[in-house]
Amino acid sequence: MENNTKDKKNLHKDHRKRMKEKFLKYGHEVLSEHEFVELLLYFSIPYKNTNETAHQLLKEYGSFSGIVDAEYETLRKLDIKDMKDNSACLFKVILACISRYISEKNDLSKAQITPQNVGVYAKNLFFGHNEEICFAVLLDKDCYVKKVNVISTGSMNSTPMYPREVVKFAVSQEEPYVMVLHNHPNGTAKASDEDIQVTKALINALSYVDVRLIDHIIVAGDSIVSMAKDYDIF
């Protein structure tokens, strides 16, 4: 019995150190998915073996991306060994890091919007947002992005869009064009009746302040709908 205990201790001795060295030397590609999650958990669960926790998380969510996409409150309430607030927060920080990295690398704050790149721009803008969110993007006369503003946020299923908030934002910046974008995280990119009515209201309201709504984009996963292109309301 004593020898078995010693063998188990020796097996895990310096395991964290070896895992970190393996990652730093060869990159994440050489790590299995559970090893990668295990490595990440080192930063929220000190001095413990995180292998079992990693396996349980992957069993629950199916993949690393599934864990990262999970809601914070759901993660922190899981009946999984050592899954506490710090670990739940860790995965939300990871998602935020990925989103910020993509935004900065693609320079979303200074992009020139064209019919060819608007889909890529929209997907990058919504990366990491699992709740519904509505953005207003102001553009100059050459369609360069001048400012991006969050108009409203909602739940996983809905968010209100307030035309007056879009108008207020547009007037404050004195740019000629505005584009609004919102997402359907758990649905399709098809515009609802409410989306159509709000778009019509926006076109009308913005016309009084000499700002043109050039598009209303809806994003659902990899699907994108341009209401200016696909709906006869502009």
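**Close-up 1. His-182 in strand 3 of the predicted model.** His-182 belongs to strand 3, which covers residues 177-183. With a relative accessible area of 4%, His-182 counts as buried, because that term applies to anything under 20%. The side chain of His-182 is joined to the side chain of Asp-195 by a polar contact of 3.4 Å.

**Close-up 2. Helix 8 and the residue Gly-128.** Helix 8 runs through residues 118-126, and its buried residues are Val-118, Tyr-121, Ala-122, Asn-124, Leu-125 and Phe-126. An α-helix has 3.6 residues a turn, so residues three or four places apart point the same way. Just after helix 8 comes Gly-128, whose phi is positive, at about 90°.

**Close-up 3. The largest pocket, with a volume of about 420 Å³.** This pocket is lined by 19 residues, of which Asp-69, Phe-126, Gly-128, His-129 and Asn-130 are the closest to its centre. At least two lining residues come from each of helix 5 (64-69), helix 7 (85-105), helix 8 and strand 4 (212-220), and helix 5 gives the most, with four residues. By type, the lining of the largest pocket consists of 10 nonpolar, seven polar and two charged residues.

**Close-up 4. The second largest pocket, with about 330 Å³ of space.** Here 14 residues form the lining, and those closest to the centre are Thr-114, Pro-115, Val-118, Asp-215 and Ser-226. Strand 4, strand 5 (223-226) and helix 11 (227-230) each contribute at least two residues to the lining of the second largest pocket, which divides into nine nonpolar, two polar and three charged residues.

How values were computed. Residues numbered from 1 in each chain as written. Predicted model: local features only at pLDDT ≥ 70, side-chain atom pairs only at ≥ 80, totals over all residues. Heavy atoms only, no water. Buried < 20%, exposed > 50% of the residue type's maximum accessible area, 1.4 Å probe, protein only. Polar contact = N/O pair within 3.5 Å; in protein donor to acceptor, adjacent residues only side chain to side chain. 1 Å grid on protein atoms, 1.4 Å probe; cavity = no way out; pocket = protein on both sides within 12 Å on 5 of 7 lines; lining within 4 Å. Points joined across faces, edges and corners; volume = space filled by probe spheres on them. Nonpolar A, V, L, I, M, F, W, Y, C, P; charged D, E, K, R; others polar.
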